[in-house]
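This briefing goes through selected parts of a protein model by topic. Please keep the sequence and the structure in view while reading.

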Amino acid sequence: MSEPQLRVVLAKLGFDGHDRGIKIVARILRDAGMEVIYLGLRQSYLNVVNAVEQEDADAVGLSMHNASHMTLAPKMVEALAAAGLDVPVIVGGIVPDEDVTELLEKGVAVVLGPGASAEQVAISVRDAVAAKA
Amino acid sequence: MSLHGKNQRGQNLRELSAEAIFSLALDGELRALGRLITFIERDSDEAEVISELAHARAGNAHVIGITGAPGSGKSTLTGQLVALLNQKHPRAAVLAVDPSSPLTGGAILGDRVRMEDVASPETFIRSMATRGHQGGLALAVPGVVRVLDAMGYNPIIIETVGVGQVEVDIAGTADTTVVVATPGMGDAVQANKAGLLELADLFVVNKADRPGANDVRRDLDHMLDLSHTTGQDQRTGMRPEIVMTAALTGQGAADMWAAIERHRDAITANGQIDERRASRDLEEVRNRVMAVIERRVDDLLSEHGTTGALKAVRDREMAPSVAAREITNTRFG
Ligand SMILES: Nc1nc2c(ncn2[C@@H]2O[C@H](COP(=O)(O)OP(=O)(O)OP(=O)(O)O)[C@@H](O)[C@H]2O)c(=O)[nH]1
Ligand SMILES: [Mg+2]
(Lines give C-alpha, C1' and ligand atoms only; values in the text may rest on other atoms or scores of the structure.)
(Ligands and ions follow the chains in the order given, each with its own letter.)
Protein backbone atom coordinates (compact mmCIF):
# COMPACT_ATOMS: atom_id res chain seq x y z
CA MET A 1 0.00 0.00 0.00
CA SER A 2 2.99 2.34 0.05
CA GLU A 3 2.87 2.63 -3.76
CA PRO A 4 0.43 5.36 -4.76
CA GLN A 5 -2.86 3.76 -5.62
CA LEU A 6 -3.62 3.63 -9.33
CA ARG A 7 -6.94 5.10 -10.41
CA VAL A 8 -8.46 3.83 -13.63
CA VAL A 9 -11.51 5.19 -15.45
CA LEU A 10 -13.42 2.31 -17.07
CA ALA A 11 -15.94 3.02 -19.80
CA LYS A 12 -17.58 1.70 -22.87
CA LEU A 13 -18.04 4.20 -25.69
CA GLY A 14 -20.86 4.30 -28.19
CA PHE A 15 -24.02 2.28 -28.29
CA ASP A 16 -22.85 -1.26 -27.71
CA GLY A 17 -24.95 -2.42 -24.77
CA HIS A 18 -23.15 -5.31 -23.09
CA ASP A 19 -21.56 -4.70 -19.73
CA ARG A 20 -20.45 -8.20 -18.76
CA GLY A 21 -16.88 -7.72 -19.93
CA ILE A 22 -16.35 -4.32 -18.40
CA LYS A 23 -17.76 -5.47 -15.06
CA ILE A 24 -15.34 -8.38 -14.99
CA VAL A 25 -12.44 -6.04 -15.75
CA ALA A 26 -13.59 -3.71 -12.98
CA ARG A 27 -13.37 -6.56 -10.49
CA ILE A 28 -9.99 -7.71 -11.80
CA LEU A 29 -8.52 -4.24 -11.33
CA ARG A 30 -10.05 -3.83 -7.90
CA ASP A 31 -8.66 -7.18 -6.85
CA ALA A 32 -5.28 -6.03 -8.11
CA GLY A 33 -5.53 -3.16 -5.62
CA MET A 34 -6.58 -0.38 -8.00
CA GLU A 35 -9.36 2.15 -7.68
CA VAL A 36 -11.78 1.83 -10.55
CA ILE A 37 -13.94 4.79 -11.48
CA TYR A 38 -16.69 2.90 -13.18
CA LEU A 39 -18.53 4.87 -15.85
CA GLY A 40 -20.26 1.94 -17.53
CA LEU A 41 -22.01 1.96 -20.85
CA ARG A 42 -22.79 4.50 -23.56
CA GLN A 43 -20.19 7.04 -22.61
CA SER A 44 -19.13 10.01 -24.70
CA TYR A 45 -15.53 11.20 -25.16
CA LEU A 46 -16.43 14.29 -23.18
CA ASN A 47 -17.72 12.24 -20.26
CA VAL A 48 -14.49 10.28 -20.14
CA VAL A 49 -12.35 13.42 -20.40
CA ASN A 50 -14.34 15.04 -17.58
CA ALA A 51 -13.93 11.96 -15.44
CA VAL A 52 -10.17 11.73 -16.03
CA GLU A 53 -9.73 15.40 -15.12
CA GLN A 54 -11.96 15.44 -12.07
CA GLU A 55 -10.88 12.04 -10.76
CA ASP A 56 -7.19 12.59 -11.60
CA ALA A 57 -7.12 9.14 -13.16
CA ASP A 58 -3.88 7.44 -14.17
CA ALA A 59 -5.34 5.44 -17.05
CA VAL A 60 -8.43 4.90 -19.18
CA GLY A 61 -9.73 1.42 -19.89
CA LEU A 62 -12.11 1.03 -22.82
CA SER A 63 -14.17 -2.06 -23.34
CA MET A 64 -14.91 -2.70 -27.03
CA HIS A 65 -16.84 -5.50 -28.57
CA ASN A 66 -17.46 -4.60 -32.16
CA ALA A 67 -15.74 -3.07 -35.15
CA SER A 68 -16.37 0.45 -33.84
CA HIS A 69 -13.16 0.25 -31.80
CA MET A 70 -11.22 1.27 -34.92
CA THR A 71 -12.74 4.74 -34.84
CA LEU A 72 -13.74 5.16 -31.18
CA ALA A 73 -10.45 4.28 -29.50
CA PRO A 74 -8.18 6.58 -31.57
CA LYS A 75 -10.70 9.40 -31.12
CA MET A 76 -10.58 8.86 -27.37
CA VAL A 77 -6.78 9.12 -27.50
CA GLU A 78 -7.11 12.40 -29.42
CA ALA A 79 -9.73 13.83 -27.08
CA LEU A 80 -7.55 13.15 -24.04
CA ALA A 81 -4.48 14.66 -25.69
CA ALA A 82 -6.49 17.72 -26.72
CA ALA A 83 -7.44 18.23 -23.07
CA GLY A 84 -3.78 18.01 -22.06
CA LEU A 85 -4.26 14.66 -20.35
CA ASP A 86 -1.29 12.39 -20.73
CA VAL A 87 -2.88 9.11 -19.66
CA PRO A 88 -2.62 5.74 -21.41
CA VAL A 89 -5.67 4.27 -23.13
CA ILE A 90 -6.02 0.52 -22.75
CA VAL A 91 -8.45 -1.30 -25.00
CA GLY A 92 -9.99 -4.62 -24.06
CA GLY A 93 -12.13 -6.77 -26.29
CA ILE A 94 -12.11 -8.81 -29.47
CA VAL A 95 -9.78 -7.00 -31.85
CA PRO A 96 -8.32 -8.67 -34.97
CA ASP A 97 -4.50 -8.74 -35.12
CA GLU A 98 -4.16 -6.31 -38.01
CA ASP A 99 -6.37 -3.82 -36.16
CA VAL A 100 -4.23 -4.14 -33.04
CA THR A 101 -1.20 -2.85 -34.94
CA GLU A 102 -3.16 0.07 -36.26
CA LEU A 103 -4.59 0.97 -32.84
CA LEU A 104 -1.12 0.94 -31.31
CA GLU A 105 0.10 3.19 -34.12
CA LYS A 106 -2.72 5.58 -33.33
CA GLY A 107 -1.68 5.95 -29.73
CA VAL A 108 -3.53 3.21 -27.88
CA ALA A 109 -1.16 1.91 -25.19
CA VAL A 110 -2.21 -1.72 -25.01
CA VAL A 111 -4.83 -3.97 -26.58
CA LEU A 112 -5.96 -6.90 -24.45
CA GLY A 113 -7.80 -9.79 -26.02
CA PRO A 114 -10.52 -11.80 -24.31
CA GLY A 115 -7.94 -14.47 -23.48
CA ALA A 116 -5.87 -12.19 -21.24
CA SER A 117 -5.52 -13.46 -17.69
CA ALA A 118 -6.39 -11.32 -14.69
CA GLU A 119 -2.69 -10.99 -13.99
CA GLN A 120 -1.94 -9.87 -17.54
CA VAL A 121 -4.67 -7.26 -17.36
CA ALA A 122 -3.34 -5.79 -14.12
CA ILE A 123 0.28 -5.86 -15.26
CA SER A 124 -0.57 -4.21 -18.58
CA VAL A 125 -2.32 -1.36 -16.82
CA ARG A 126 0.58 -0.85 -14.40
CA ASP A 127 3.15 -0.97 -17.20
CA ALA A 128 1.18 1.43 -19.38
CA VAL A 129 0.98 3.92 -16.51
CA ALA A 130 4.67 3.49 -15.67
CA ALA A 131 5.61 4.11 -19.31
CA LYS A 132 3.98 7.55 -19.13
CA ALA A 133 5.65 8.56 -15.88
CA MET B 1 -1.71 35.09 -10.74
CA SER B 2 -4.13 34.54 -13.56
CA LEU B 3 -1.56 35.25 -16.27
CA HIS B 4 0.92 33.06 -14.52
CA GLY B 5 -1.64 30.27 -14.68
CA LYS B 6 -2.50 30.74 -18.33
CA ASN B 7 1.13 30.41 -19.32
CA GLN B 8 1.23 26.98 -17.77
CA ARG B 9 -1.88 25.70 -19.48
CA GLY B 10 -1.33 22.36 -21.11
CA GLN B 11 1.90 21.86 -19.23
CA ASN B 12 2.71 18.62 -17.49
CA LEU B 13 1.47 18.99 -13.91
CA ARG B 14 4.37 16.93 -12.64
CA GLU B 15 6.69 19.79 -13.52
CA LEU B 16 4.74 22.38 -11.54
CA SER B 17 4.83 23.41 -7.90
CA ALA B 18 1.77 23.00 -5.71
CA GLU B 19 1.28 26.79 -5.81
CA ALA B 20 1.36 26.83 -9.60
CA ILE B 21 -1.15 23.98 -9.78
CA PHE B 22 -3.35 25.88 -7.33
CA SER B 23 -3.38 28.97 -9.58
CA LEU B 24 -4.15 26.81 -12.59
CA ALA B 25 -7.09 25.38 -10.71
CA LEU B 26 -8.26 28.88 -9.79
CA ASP B 27 -8.12 29.68 -13.49
CA GLY B 28 -10.58 26.87 -14.03
CA GLU B 29 -8.33 24.06 -15.18
CA LEU B 30 -10.08 20.98 -13.92
CA ARG B 31 -7.16 18.58 -14.21
CA ALA B 32 -5.25 20.91 -11.88
CA LEU B 33 -8.07 20.77 -9.36
CA GLY B 34 -8.16 17.00 -9.79
CA ARG B 35 -4.46 16.85 -8.94
CA LEU B 36 -4.82 19.11 -5.87
CA ILE B 37 -7.39 16.71 -4.50
CA THR B 38 -5.02 13.80 -5.07
CA PHE B 39 -2.34 15.56 -3.01
CA ILE B 40 -4.82 16.14 -0.19
CA GLU B 41 -6.10 12.60 -0.39
CA ARG B 42 -2.59 11.16 -0.12
CA ASP B 43 -1.66 13.72 2.53
CA SER B 44 1.51 14.21 0.54
CA ASP B 45 4.12 16.92 1.11
CA GLU B 46 2.18 19.36 -1.06
CA ALA B 47 -0.99 18.99 1.02
CA GLU B 48 -0.13 21.56 3.66
CA VAL B 49 0.62 24.46 1.34
CA ILE B 50 -2.50 23.62 -0.67
CA SER B 51 -4.58 23.65 2.52
CA GLU B 52 -3.12 27.02 3.51
CA LEU B 53 -3.99 28.53 0.15
CA ALA B 54 -7.44 26.96 0.21
CA HIS B 55 -8.32 27.82 3.80
CA ALA B 56 -7.85 31.52 3.17
CA ARG B 57 -10.39 31.37 0.35
CA ALA B 58 -12.88 28.87 1.76
CA GLY B 59 -15.90 29.27 4.01
CA ASN B 60 -18.56 30.15 1.48
CA ALA B 61 -19.97 26.81 0.44
CA HIS B 62 -23.05 25.19 1.89
CA VAL B 63 -21.87 21.67 2.77
CA ILE B 64 -24.52 18.97 2.51
CA GLY B 65 -23.99 15.42 3.77
CA ILE B 66 -26.05 12.62 2.31
CA THR B 67 -25.95 9.27 4.04
CA GLY B 68 -28.06 6.15 4.30
CA ALA B 69 -27.94 2.40 3.80
CA PRO B 70 -26.07 0.94 0.82
CA GLY B 71 -28.21 1.10 -2.31
CA SER B 72 -30.81 3.45 -0.81
CA GLY B 73 -30.42 5.77 -3.79
CA LYS B 74 -28.00 8.40 -2.47
CA SER B 75 -26.13 8.80 -5.77
CA THR B 76 -29.25 8.82 -7.91
CA LEU B 77 -30.77 11.44 -5.60
CA THR B 78 -27.60 13.51 -5.69
CA GLY B 79 -27.66 13.37 -9.47
CA GLN B 80 -31.25 14.57 -9.51
CA LEU B 81 -30.49 17.31 -7.05
CA VAL B 82 -27.56 18.59 -9.04
CA ALA B 83 -29.51 18.43 -12.29
CA LEU B 84 -32.20 20.51 -10.63
CA LEU B 85 -29.64 22.98 -9.31
CA ASN B 86 -27.91 23.38 -12.62
CA GLN B 87 -29.65 26.64 -13.50
CA LYS B 88 -29.39 28.31 -10.11
CA HIS B 89 -26.11 26.86 -8.87
CA PRO B 90 -24.20 25.63 -11.88
CA ARG B 91 -21.09 25.07 -9.80
CA ALA B 92 -22.10 22.32 -7.46
CA ALA B 93 -19.52 19.75 -6.41
CA VAL B 94 -19.99 16.20 -5.23
CA LEU B 95 -17.60 14.12 -3.16
CA ALA B 96 -18.70 10.49 -3.25
CA VAL B 97 -17.01 8.19 -0.75
CA ASP B 98 -17.05 4.41 -1.23
CA PRO B 99 -15.38 1.66 0.78
CA SER B 100 -12.08 0.13 -0.30
CA SER B 101 -11.75 -3.62 -0.28
CA PRO B 102 -10.07 -4.48 3.01
CA LEU B 103 -8.30 -7.40 1.33
CA THR B 104 -6.72 -5.76 -1.70
CA GLY B 105 -7.03 -2.04 -1.03
CA GLY B 106 -8.75 -1.68 -4.38
CA ALA B 107 -12.22 -0.25 -4.91
CA ILE B 108 -14.94 0.03 -7.50
CA LEU B 109 -16.21 3.58 -7.32
CA GLY B 110 -19.64 3.41 -8.90
CA ASP B 111 -21.38 6.55 -7.70
CA ARG B 112 -20.43 8.65 -10.67
CA VAL B 113 -22.25 6.41 -13.11
CA ARG B 114 -25.51 7.24 -11.32
CA MET B 115 -24.87 10.95 -11.72
CA GLU B 116 -23.71 10.87 -15.29
CA ASP B 117 -26.37 13.22 -16.65
CA VAL B 118 -24.88 15.98 -14.54
CA ALA B 119 -21.23 15.04 -14.94
CA SER B 120 -20.31 18.20 -16.81
CA PRO B 121 -17.34 20.52 -16.55
CA GLU B 122 -19.54 22.76 -14.38
CA THR B 123 -20.39 20.10 -11.83
CA PHE B 124 -17.27 18.69 -10.27
CA ILE B 125 -17.64 15.09 -9.14
CA ARG B 126 -14.90 13.31 -7.27
CA SER B 127 -15.01 9.69 -6.14
CA MET B 128 -13.00 8.72 -3.13
CA ALA B 129 -12.19 5.36 -1.61
CA THR B 130 -11.93 4.93 2.15
CA ARG B 131 -8.43 3.41 1.69
CA GLY B 132 -8.41 1.05 4.59
CA HIS B 133 -7.57 3.11 7.57
CA GLN B 134 -10.47 5.23 8.57
CA GLY B 135 -8.52 7.92 10.35
CA GLY B 136 -7.19 8.98 6.97
CA LEU B 137 -10.68 9.46 5.64
CA ALA B 138 -11.65 11.74 8.50
CA LEU B 139 -8.63 13.89 7.62
CA ALA B 140 -8.96 13.77 3.85
CA VAL B 141 -12.64 14.64 3.45
CA PRO B 142 -12.55 18.05 5.14
CA GLY B 143 -9.37 18.82 3.22
CA VAL B 144 -10.98 18.04 -0.11
CA VAL B 145 -14.11 20.01 0.79
CA ARG B 146 -11.90 22.99 1.66
CA VAL B 147 -10.24 22.93 -1.77
CA LEU B 148 -13.59 22.67 -3.59
CA ASP B 149 -14.94 25.51 -1.47
CA ALA B 150 -11.90 27.67 -2.26
CA MET B 151 -12.51 27.11 -5.97
CA GLY B 152 -16.00 28.52 -5.60
CA TYR B 153 -18.04 25.35 -5.72
CA ASN B 154 -21.34 25.72 -3.90
CA PRO B 155 -23.11 23.69 -2.68
CA ILE B 156 -20.78 20.80 -1.92
CA ILE B 157 -22.49 17.47 -1.46
CA ILE B 158 -20.72 14.65 0.38
CA GLU B 159 -22.13 11.16 -0.14
CA THR B 160 -21.11 8.51 2.38
CA VAL B 161 -22.61 5.13 3.09
CA GLY B 162 -24.45 5.03 6.40
CA VAL B 163 -22.47 2.19 7.93
CA GLY B 164 -19.21 2.68 9.77
CA GLN B 165 -18.71 5.37 12.35
CA VAL B 166 -16.33 7.50 10.34
CA GLU B 167 -18.57 7.59 7.28
CA VAL B 168 -21.56 8.50 9.42
CA ASP B 169 -19.56 11.19 11.25
CA ILE B 170 -18.41 12.73 7.99
CA ALA B 171 -21.92 13.19 6.68
CA GLY B 172 -23.06 14.16 10.16
CA THR B 173 -20.73 17.13 10.44
CA ALA B 174 -22.05 18.85 7.32
CA ASP B 175 -24.04 22.08 7.52
CA THR B 176 -27.09 20.07 6.51
CA THR B 177 -27.23 16.30 6.95
CA VAL B 178 -29.69 14.31 4.88
CA VAL B 179 -30.47 10.74 5.87
CA VAL B 180 -31.96 8.57 3.13
CA ALA B 181 -34.34 5.78 4.09
CA THR B 182 -36.21 3.40 1.81
CA PRO B 183 -39.19 1.08 2.07
CA GLY B 184 -38.06 -2.22 3.52
CA MET B 185 -38.34 -4.16 6.70
CA GLY B 186 -36.87 -2.51 9.74
CA ASP B 187 -35.12 0.20 7.81
CA ALA B 188 -35.92 2.95 10.25
CA VAL B 189 -34.87 0.70 13.09
CA GLN B 190 -31.57 0.02 11.35
CA ALA B 191 -31.05 3.72 10.88
CA ASN B 192 -31.70 4.21 14.54
CA LYS B 193 -29.09 1.62 15.46
CA ALA B 194 -26.46 3.28 13.33
CA GLY B 195 -27.16 6.56 15.10
CA LEU B 196 -28.42 8.06 11.86
CA LEU B 197 -31.65 9.33 13.32
CA GLU B 198 -29.95 11.64 15.75
CA LEU B 199 -27.83 13.36 13.20
CA ALA B 200 -30.45 13.89 10.50
CA ASP B 201 -31.45 17.46 9.71
CA LEU B 202 -33.71 16.11 7.01
CA PHE B 203 -35.09 12.70 6.18
CA VAL B 204 -35.67 11.60 2.63
CA VAL B 205 -37.79 8.53 2.06
CA ASN B 206 -36.57 7.47 -1.36
CA LYS B 207 -38.05 4.81 -3.65
CA ALA B 208 -41.44 6.25 -2.83
CA ASP B 209 -42.61 4.52 -6.00
CA ARG B 210 -42.39 1.28 -4.03
CA PRO B 211 -44.93 -0.07 -1.58
CA GLY B 212 -44.26 0.70 2.06
CA ALA B 213 -42.86 4.19 1.64
CA ASN B 214 -45.65 5.68 3.72
CA ASP B 215 -44.97 3.19 6.49
CA VAL B 216 -41.36 4.34 6.62
CA ARG B 217 -42.52 7.91 6.83
CA ARG B 218 -44.85 7.05 9.67
CA ASP B 219 -42.10 5.13 11.53
CA LEU B 220 -39.74 8.06 11.22
CA ASP B 221 -42.44 10.41 12.43
CA HIS B 222 -42.99 8.20 15.47
CA MET B 223 -39.33 8.12 16.29
CA LEU B 224 -39.13 11.88 15.98
CA ASP B 225 -42.09 12.19 18.33
CA LEU B 226 -40.18 10.11 20.86
CA SER B 227 -37.02 12.09 20.46
CA HIS B 228 -38.89 15.18 21.63
CA THR B 229 -38.34 13.85 25.06
CA THR B 230 -34.67 12.99 24.49
CA GLY B 231 -33.60 16.49 23.71
CA GLN B 232 -33.05 16.20 19.99
CA ASP B 233 -34.93 19.39 19.37
CA GLN B 234 -32.72 21.33 21.71
CA ARG B 235 -29.66 20.05 19.88
CA THR B 236 -30.74 20.88 16.37
CA GLY B 237 -33.16 23.66 17.12
CA MET B 238 -35.79 22.21 14.86
CA ARG B 239 -37.63 19.05 14.00
CA PRO B 240 -36.24 17.36 10.87
CA GLU B 241 -38.60 17.40 7.92
CA ILE B 242 -39.47 14.22 6.05
CA VAL B 243 -39.56 14.38 2.25
CA MET B 244 -40.70 11.63 -0.11
CA THR B 245 -38.76 11.09 -3.34
CA ALA B 246 -38.56 8.71 -6.28
CA ALA B 247 -35.07 9.41 -7.51
CA LEU B 248 -35.35 7.33 -10.67
CA THR B 249 -37.89 9.79 -12.07
CA GLY B 250 -36.76 12.84 -10.14
CA GLN B 251 -40.05 13.10 -8.35
CA GLY B 252 -39.66 14.98 -5.08
CA ALA B 253 -36.18 16.29 -5.86
CA ALA B 254 -37.48 19.87 -5.87
CA ASP B 255 -39.11 19.31 -2.47
CA MET B 256 -35.88 17.88 -1.19
CA TRP B 257 -33.91 20.90 -2.32
CA ALA B 258 -36.49 23.27 -0.88
CA ALA B 259 -36.24 21.49 2.49
CA ILE B 260 -32.43 21.66 2.36
CA GLU B 261 -32.64 25.40 1.69
CA ARG B 262 -35.09 25.88 4.53
CA HIS B 263 -32.69 24.14 6.85
CA ARG B 264 -29.75 26.18 5.64
CA ASP B 265 -31.70 29.43 6.04
CA ALA B 266 -32.86 28.47 9.52
CA ILE B 267 -29.40 27.62 10.82
CA THR B 268 -28.01 30.72 9.17
CA ALA B 269 -30.64 32.84 10.89
CA ASN B 270 -30.16 31.29 14.34
CA GLY B 271 -26.39 31.27 14.11
CA GLN B 272 -26.09 27.53 14.38
CA ILE B 273 -24.25 27.31 11.08
CA ASP B 274 -21.31 29.14 12.66
CA GLU B 275 -21.36 26.82 15.66
CA ARG B 276 -21.35 23.81 13.36
CA ARG B 277 -18.46 25.11 11.37
CA ALA B 278 -16.51 25.97 14.48
CA SER B 279 -17.01 22.49 15.85
CA ARG B 280 -16.03 21.03 12.48
CA ASP B 281 -12.77 22.98 12.56
CA LEU B 282 -12.16 21.89 16.12
CA GLU B 283 -12.83 18.27 15.19
CA GLU B 284 -10.42 18.45 12.26
CA VAL B 285 -7.63 19.92 14.35
CA ARG B 286 -8.39 17.37 17.03
CA ASN B 287 -8.20 14.52 14.52
CA ARG B 288 -4.84 15.77 13.31
CA VAL B 289 -3.48 16.06 16.83
CA MET B 290 -4.78 12.58 17.58
CA ALA B 291 -3.12 11.18 14.47
CA VAL B 292 0.24 12.55 15.59
CA ILE B 293 -0.23 11.27 19.12
CA GLU B 294 -1.29 7.86 17.88
CA ARG B 295 1.86 7.56 15.84
CA ARG B 296 3.94 8.51 18.89
CA VAL B 297 2.09 5.97 21.01
CA ASP B 298 2.81 3.29 18.43
CA ASP B 299 6.49 4.21 18.52
CA LEU B 300 6.48 4.17 22.27
CA LEU B 301 4.86 0.75 22.40
CA SER B 302 7.23 -0.72 19.87
CA GLU B 303 10.11 0.54 22.03
CA HIS B 304 8.71 -1.53 24.82
CA GLY B 305 8.41 -4.35 22.32
CA THR B 306 9.07 -7.80 23.61
CA THR B 307 10.72 -6.72 26.81
CA GLY B 308 9.58 -4.61 29.71
CA ALA B 309 5.98 -3.97 30.55
CA LEU B 310 4.48 -5.58 27.48
CA LYS B 311 6.35 -8.79 28.15
CA ALA B 312 5.20 -8.73 31.74
CA VAL B 313 1.60 -8.51 30.55
CA ARG B 314 2.11 -11.46 28.23
CA ASP B 315 3.68 -13.45 31.06
CA ARG B 316 0.70 -12.55 33.25
CA GLU B 317 2.93 -10.77 35.72
CA MET B 318 1.33 -7.40 35.20
CA ALA B 319 -2.20 -6.28 34.39
CA PRO B 320 -2.60 -4.25 31.18
CA SER B 321 -3.77 -1.21 33.10
CA VAL B 322 -0.65 -1.29 35.30
CA ALA B 323 1.56 -1.68 32.23
CA ALA B 324 -0.15 1.27 30.57
CA ARG B 325 0.48 3.45 33.62
CA GLU B 326 4.10 2.34 33.78
CA ILE B 327 4.66 3.15 30.11
CA THR B 328 2.95 6.53 30.21
CA ASN B 329 4.75 7.47 33.43
CA THR B 330 8.14 6.89 31.87
CA ARG B 331 7.29 9.20 28.99
CA PHE B 332 4.68 11.71 30.10
CA GLY B 333 5.40 11.53 33.85
N1 LIG C 1 -37.47 1.90 -7.60
C2 LIG C 1 -36.56 2.83 -7.33
N3 LIG C 1 -35.27 2.53 -7.47
C4 LIG C 1 -34.36 3.49 -7.18
C5 LIG C 1 -34.73 4.78 -6.75
N6 LIG C 1 -33.62 5.50 -6.54
C7 LIG C 1 -32.58 4.70 -6.83
N8 LIG C 1 -33.02 3.47 -7.23
C9 LIG C 1 -32.19 2.34 -7.63
O10 LIG C 1 -31.51 1.85 -6.50
C11 LIG C 1 -30.22 1.37 -6.84
C12 LIG C 1 -29.16 2.04 -6.00
O13 LIG C 1 -29.13 3.42 -6.32
P14 LIG C 1 -27.86 4.32 -5.98
O15 LIG C 1 -28.21 5.71 -6.31
O16 LIG C 1 -26.64 3.73 -6.57
O17 LIG C 1 -27.83 4.12 -4.41
P18 LIG C 1 -26.66 4.53 -3.37
O19 LIG C 1 -27.32 4.76 -2.08
O20 LIG C 1 -25.86 5.64 -3.94
O21 LIG C 1 -25.80 3.22 -3.35
P22 LIG C 1 -24.34 3.01 -2.72
O23 LIG C 1 -23.52 4.22 -3.08
O24 LIG C 1 -23.86 1.77 -3.38
O25 LIG C 1 -24.55 2.85 -1.26
C26 LIG C 1 -30.06 1.64 -8.33
O27 LIG C 1 -30.37 0.48 -9.04
C28 LIG C 1 -31.08 2.72 -8.59
O29 LIG C 1 -31.53 2.71 -9.91
C30 LIG C 1 -36.14 5.06 -6.64
O31 LIG C 1 -36.57 6.16 -6.26
N32 LIG C 1 -37.00 4.06 -6.93
MG1 LIG D 1 -23.79 5.75 -4.26
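The buried residues of H2(A) are covered by parts of both chains, including strand S1 (7-13), strand S2 (35-43), strand S3 (59-64) and helix H3 (69-82) of chain A, along with helix H3 (30-42) and strand S4 (124-129) of chain B. The model is a predicted one.

- H2 of chain A spans residues 45-55 and is mostly covered, with nine of its 11 residues buried.
- Among the buried residues of H2(A) are Asn47(A), Val48(A), Val49(A), Gln54(A) and Glu55(A).
- Asp56(A) follows H2(A) and has a positive phi, near 50 degrees.

**Where chain A meets chain B**

- In chain A, 31 residues are in contact with 29 residues of chain B.
- The size of an interface is often given as the accessible area lost when the parts come together.
- Chain A and chain B bury about 2400 Å² between them, and 46% of this is on carbon and sulfur atoms.
- Across the interface of the two chains there are 18 residue pairs in polar contact, counting pairs with both residues at pLDDT 80 or more.
- Helix H1 (20-31), S2 and H2 of chain A each supply at least two residues of the side of chain A that touches chain B.
- S2(A) gives the largest share of that side, eight residues.
- Sorted by class, the side of chain A that touches chain B has 13 nonpolar, eight polar and 10 charged residues.
- S2(A) also pairs with strand S3 (residues 107-109) of chain B, in the parallel sense and over three bridges.
- In S3(B), Leu109(B) stands opposite Ile37(A).
- There are two salt bridges between chain A and chain B.
- Glu55(A) forms a salt bridge with Arg112(B), with the closest N and O atoms 2.7 Å apart.
- Arg7(A), Glu35(A), Glu55(A) and Arg112(B) are linked in a network of salt bridges.

**Strand S4 of chain B**

- S4(B) is mostly covered, as six of its six residues are buried.
- In a regular strand the side chains alternate between the two faces of the sheet.
- Phe124(B), Arg126(B) and Met128(B) point one way from S4(B), while Ile125(B), Ser127(B) and Ala129(B) point the other way.
- S4(B) runs parallel to strand S2 (residues 93-98) of chain B, and six bridges join the two.
- Arg126(B) in S4(B) stands opposite Leu95(B).

**A buried aspartate in chain B**

- Asp175(B) is found in the loop between helix H7 (165-172) and strand S6 (176-181) of chain B.
- Asp175(B) counts as buried because its relative accessible area is 0%.
- The side chain of Asp175(B) reaches the backbone nitrogen of Val63(B) at 2.8 Å.
- A polar contact of 2.7 Å joins the side chain of Asp175(B) to that of Arg277(B).
- Asp175(B) also touches other residues, including Asp201(B) and Arg276(B).

**Salt bridges within a chain**

- Over all chains, the structure has 23 salt bridges.
- The side chains of Asp201(B) and Arg276(B) meet in a salt bridge of 2.8 Å, N to O.
- Asp201(B) lies in the loop between helix H9 (196-199) and strand S7 (202-205) of chain B and Arg276(B) in helix H13 (residues 272-304) of chain B, so their pairing ties together parts 75 residues apart in sequence.
- Asp201(B) and Arg276(B) are both buried.
- Lys106(A) and Glu102(A) meet in a salt bridge of 2.9 Å, N to O.
- Lys106(A) is partly exposed at 42% relative accessible area, and Glu102(A) is partly exposed at 31%.

Notes:
Residues are numbered from 1 along each chain as its sequence is written. Chains are lettered from A and ligands numbered from 1 in the order in which they are written. This is a predicted model: local features need pLDDT of at least 70, side-chain atom pairs count only at pLDDT 80 or more; totals for chains, interfaces and linings use all residues. Side-chain values use heavy atoms; hydrogens and water are left out. Buried means under 20% relative accessible area, exposed over 50%, partly exposed in between (1.4 Å probe, protein chains only). Helices (H or I, at least four residues) and strands (E, at least two) are DSSP runs, numbered from the N terminus. Contact means heavy atoms within 4.5 Å. Buried area is the accessible area (1.4 Å probe) that two parts lose on being put together, summed over both. A salt bridge is a side-chain nitrogen of Lys or Arg within 4 Å of a carboxyl oxygen of Asp or Glu. A polar contact is a pair of N or O atoms within 3.5 Å; within protein, one must be able to donate a hydrogen and the other to accept it, and residues adjacent in sequence count only if both atoms are side-chain atoms. Ala, Val, Leu, Ile, Met, Phe, Trp, Tyr, Cys and Pro count as nonpolar, Asp, Glu, Lys and Arg as charged, and the others, Gly among them, as polar. Two strands pair if DSSP finds at least two bridges between them. Lists of a residue's contacts leave out its neighbours within four places in sequence.
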